[in-house]
Amino acid sequence: MELGMIGLGKMGGFMVERLVRGGHRVVGLDRDAAAVGRVVAKGAAGADSIEKLIAQLKPPRAIWLMVPAGAPVDQTIDLLTPHLSAGDTIIDGGNSYYRDSVRRAAALAQKKMNFVDSGTSGGIWGLTEGYSMMIGGDAEVVKRLAPIFQTLAPGPDKGWGRVGPAGAGHFVKMVHNGIEYAIMQAYAEGLDLLRHKEEFKLDLLQITKIWQVGSVIRSWLLDLTVDGLTKNPTLDGIGAYVKDSGEGRWTAIEGIELGVPLPTLAGALDMRFRSQDTEPFANKLLAMMRNEFGGHAVQKTK
């Protein structure tokens, strides 16, 4: 099967390589000519414009987008659609907001074009491990594209599936990432507590290795934590700043709108916000209030 791929960053490039290895013909396009060159070296075809990308694909075409969520996706779709035909499909494999995916699917349907949203997880490990894909879209369209998903997934019948209509894939991926926030926070808090029990002189690397086998909390994320601690046991040079990429916020907002309590997920998101504030004003207010009502000492800044 053949596929166009727009956005050949690290993850997109690895996806192209996995598809080529699986026997698919892929035409890659990226603003960075070097990125196109890298996938061509791996056996893909390259293009330096949307027109040339489309010209190399036979109808019904399938174009996979790996571009940043938001305006870049809309801009790319706007550039693509004048060159596409009825029956062609655009697949958004990025971390788009699911409501945007619902809107884009409806707009493309007016032109008799298909939209599929693939919430894609696996990162740089996907090349060797395969990608987990939560797919939204018309059932017949997804069935036709199944060879692509089967090749990208860990196996033909595992790690991927159509979860519902357009938008459902990105909704499931959004919740997936909210859960990811919470699991990461749980590991971080537990290991921090172990580190603070100084009289036991606990070895965090040793403990996490023990947890890897037989423990109910073993996971791939724990394996990655072990890898990181092996390289840098004291986390030297790593700042205590944790970015949030949007999915956690969307998940928390959805919980509020649906009236579903998400205390663990929301708490993990709050901790990321706190890490991004080098001098949290709320903490200064707390110190000030304690001083005002109880005369407690205030630690002065330098």
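This is a predicted model: local features need pLDDT of at least 70, side-chain atom pairs count only at pLDDT 80 or more; totals for chains, interfaces and linings use all residues.
1. Strand 1 and strand 2. Strand 1 covers residues 2-6, and strand 2 covers residues 25-29. The two pair in the parallel sense over five bridges. Within this pairing, Gly 4 of the one stands opposite Val 27 in strand 2.

2. Strand 2 and strand 3. Strand 2 also pairs with strand 3 (residues 45-47), again in the parallel sense, over three bridges. Val 27 has Ala 45 opposite it in strand 3. Together with helix 2 (residues 33-41), strand 2 and strand 3 form a right-handed β-α-β unit. Strand 2 is mostly covered, with four of its five residues buried.

3. Strand 4 and its neighbours. Strand 1 and strand 4 run parallel and are joined by three bridges. Here Ile 6 has Leu 65 as its bridge partner in strand 4. Strand 4 pairs with strand 5 (residues 89-92) as well, in the parallel sense and over four bridges. In that pairing Ala 62 has Thr 89 of strand 5 as its bridge partner. A right-handed β-α-β unit is made by strand 4, helix 4 and strand 5.

4. The two faces of strand 4. In a regular strand, side chains alternate between the two faces of the sheet. Which residues of strand 4 lie on each side? Ala 62 and Trp 64 are on one side, with Ile 63 and Leu 65 on the other. All four are buried, so both faces of strand 4 are covered, buried being under 20% relative accessible area.

5. The second largest pocket. This pocket holds about 400 Å³ of space. It is lined by 14 residues, and the closest to its centre are Ile 6, Asp 30, Arg 31, Val 67 and Thr 76. By class, the lining has nine nonpolar, three polar and two charged residues. Which helix gives the most to the lining? Helix 4 (residues 71-80) does, with four residues.

6. Helix 9. This helix takes in residues 168-196, 29 residues in total. From its first C-alpha to its last it reaches 42 Å, close to the 42 Å expected at 1.5 Å a residue. An α-helix has 3.6 residues a turn, so residues three or four places apart point the same way. The buried residues of helix 9 include His 170, Lys 173, Met 174, Asn 177, Gly 178, Tyr 181 and Ala 182. Gln 185, Tyr 187 and Leu 191 are also among the buried residues of helix 9.

How values were computed: Residues are numbered from 1 along each chain as its sequence is written. Side-chain values use heavy atoms; hydrogens and water are left out. On a 1 Å grid over the protein atoms alone, a cavity is a set of points where a 1.4 Å probe fits but cannot get out, and a pocket is an open set with protein on both sides within 12 Å along at least five of seven lines; lining residues have an atom within 4 Å of a point. Grid points are joined across faces, edges and corners, and a volume is the space filled by probe spheres set on the points. Ala, Val, Leu, Ile, Met, Phe, Trp, Tyr, Cys and Pro count as nonpolar, Asp, Glu, Lys and Arg as charged, and the others, Gly among them, as polar. Buried means under 20% relative accessible area, exposed over 50%, partly exposed in between (1.4 Å probe, protein chains only). Two strands pair if DSSP finds at least two bridges between them. A crossover is right-handed if, with the strands pointing away from the viewer, the path from the first strand over the helix to the second runs clockwise. The expected span of a helix is 1.5 Å times one less than its number of residues.
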